[in-house]
Amino acid sequence: MSPDRRGSAPRRPRKSSTASFPFRQRVGRVAMCGALAVAALQLLWIQGVDAPSLAAQSANQRTTTQVDPAVRGSITDRNGNPLAFTMEAKALTFQPVRVRQELQEARDKSVKDGASGDKLQPEVADRLKEIAAGIHQRLGDAAPEADVLQKLNSNDTFDYLARSVDPAVAADIVAQFREVGLERQDIREYPGGSLAANVVGATGWDGHGLLGLEDSMDSTLAGTDGSETYDRGSDGAVIPGSWRDKQPAVNGSAVELTLDSDLQFYVQQQTQIAKDKSGAKNASVVVLDSKTGQVLAMANSGTFNPAIGVGNNAPTAEMGNLPVSTPFEPGSVNKIVTAAAAIEDGKTTPDEVLQVPGSIQMSGVSVKDAWDHGVAPYTTTGVFGKSSNVGTLMLAQRVGEQRYADMLNKFGLGQRTEVGLPGESAGSVPSLDQWSGGTFANLPIGQGLSMTLLQMTGMYQAIANDGVRIAPRIVKATVDSDGDRTETPQPEGVHVVSEQTAATVRDMFRAVTQDDTGNQRGTGVAAGVEGYQVSGKTGTAQQVDPACKCYSNSNYWITFAGIAPADNPRFVIGIMLDAPVRGVDGGGGQSAAPLFHDIASWMLQRDSIPMSPDPGRKLVLQAD
């Protein structure tokens, strides 16, 4: 039975499709008008509001700034001899991907055009082989053919085919092979190799200072790069007439040092020999002008050759400058402080006879001499000539703690010399309020404080210069790119002792080098130079054993500081040997004294310094 439809709604008639067309037309017109309005607004924005910004972006894409590198200033010794200078060179550059594409396009075009003979462009591989062979022919082992060809065929966008190429040779190569580019590459030359490398330092891969004066004076040496702006077309070529905003480069200033390169070479050589002969861990020497405090030579063993290049390698100990960066306990060389204070304050005289026992108790600390003896009648001169710890402490007690601390400060200890070298240490001197019971039993004999070799040598410079200490300097002058010379100001002198006291101490310390078969023999006879009065002091200081954190009985710092000639001072020489294994005796200094002799005699002879007119009176070290 069919379903009952009586309750169902009647069906609506369907509308014709043509009835909705006017509506769709209206919607389309509105959408089109909206799109046109958006386009018009966008055009208005681009041409109006955003036009300056877009123009600037377009200009930035065209604009290129070319840097004109400044030439790095030279470093010379006091006589103008070059220690470091910059030589202009070129690097051969190549853009493998782009150039190979251009070569292929040129080949395809010549084939399409039906070219033949010389007009037919070579195969890409053949042209690259030709370039590699040509560069190798001009540069030899500096550009192996296989290596160059590998770079030409690489997928890199840019590469260096050769560096440090002579500009004339580079120009010839580029003229022959237009595909090769040129880039300026300055080369830092060190004609002396390792000569004064510990002072001069080296530059890194970027041409800026990495070590030594090259680093600390980088802003002076580097100068200021210049620049010039131009526009490039879409093909990368310079748009004619677009060069502008030229800023010329300002070349770096030259730096003139106080070093004497001939003396530096000799001192450096002798320092290495002394280190090797003694078996020391390292050795260092400083030579000062006695009147000006200028550094004439500064050397340490095991230095490096910056001509080989430091590159990206991290600095090592061998690349440092030990005379300014590495403090040590000086030992008996420090006894000159007690001598100067005792004479200056009238606490003793050179010929006073002291009854010196073999040991002494000070503040609960027992100190003895390096050799066993009973009570000995040493003169004040003999106390220092024989390097008696006990006699020195007896005199130090007369000076007193406050006065002694004051003298340490006057001699420049515990403070940087500001010599002009990077990494300088101030050493370590305990302040008076930090002294413990045994401090004053150690300081006068050169233990319990530390100093750099430059500071140690500067102490003796004060005595050589009639009691006035002049802080050492190693930069003599700078000369800018216009030739204007600026001298390094002479530091103001520090009055340590009177002229008379300085002369007396110099004469007393001749006892150290006095030769004698009996009791009047000093501890540093080997430092003496025939025909000249020489004043100096040997030193032996125990090093700290890291295992027990106590003083070692096997490792020592061996030092010597001296003045030549003593009667008319010209040079002051300081020497330090770190833990030598040979040539050390109980009196100390026997490894360093011969090195002083060799350097002093060489200098006196080279500079034609007149011999001492008077050999000086024979000094009494021990009374009968």
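**Reading aromatic rings in this model**

Reader: Does Trp-557 count as buried or exposed?

Author: Trp-557 has a relative accessibility of 15% and therefore counts as buried. Buried means under 20% relative accessible area, exposed over 50%, and partly exposed in between (1.4 Å probe, protein chains only). The model is predicted, so local features need pLDDT of at least 70 and side-chain atom pairs pLDDT 80 or more, whereas totals for chains, interfaces and linings use all residues. Residues are numbered from 1 along each chain as its sequence is written, and side-chain values use heavy atoms, without hydrogens and water.

Reader: How many aromatic pairs does a search of the whole structure find?

Author: A pair of aromatic rings is described by the distance of the centres and the angle of the planes. Rings of Phe, Tyr and Trp (its six-membered ring) pair if their centres lie within 6.5 Å; planes under 30 degrees apart are stacked, over 60 edge-to-face, and the rest tilted. The search finds 8 aromatic pairs. One of them, Tyr-266 with Trp-602, is stacked, at 4.7 Å centre to centre and 10° between the planes.

Reader: Which parts of the chain does the pair of Tyr-266 and Trp-602 link?

Author: Helices (H or I, at least four residues) and strands (E, at least two) are DSSP runs, numbered from the N terminus. Tyr-266 is in helix α10 and Trp-602 in helix α19, 336 residues apart. Tyr-266 is buried at 15%, while Trp-602 is partly exposed at 24%.

Reader: With which residue does Trp-557 form a tilted pair?

Author: Its partner is Phe-328, at 6.4 Å centre to centre and 40° between the planes. Phe-328 lies in the loop between α11 and α12 and Trp-557 in strand β24, so the pair ties together parts 229 residues apart in sequence.
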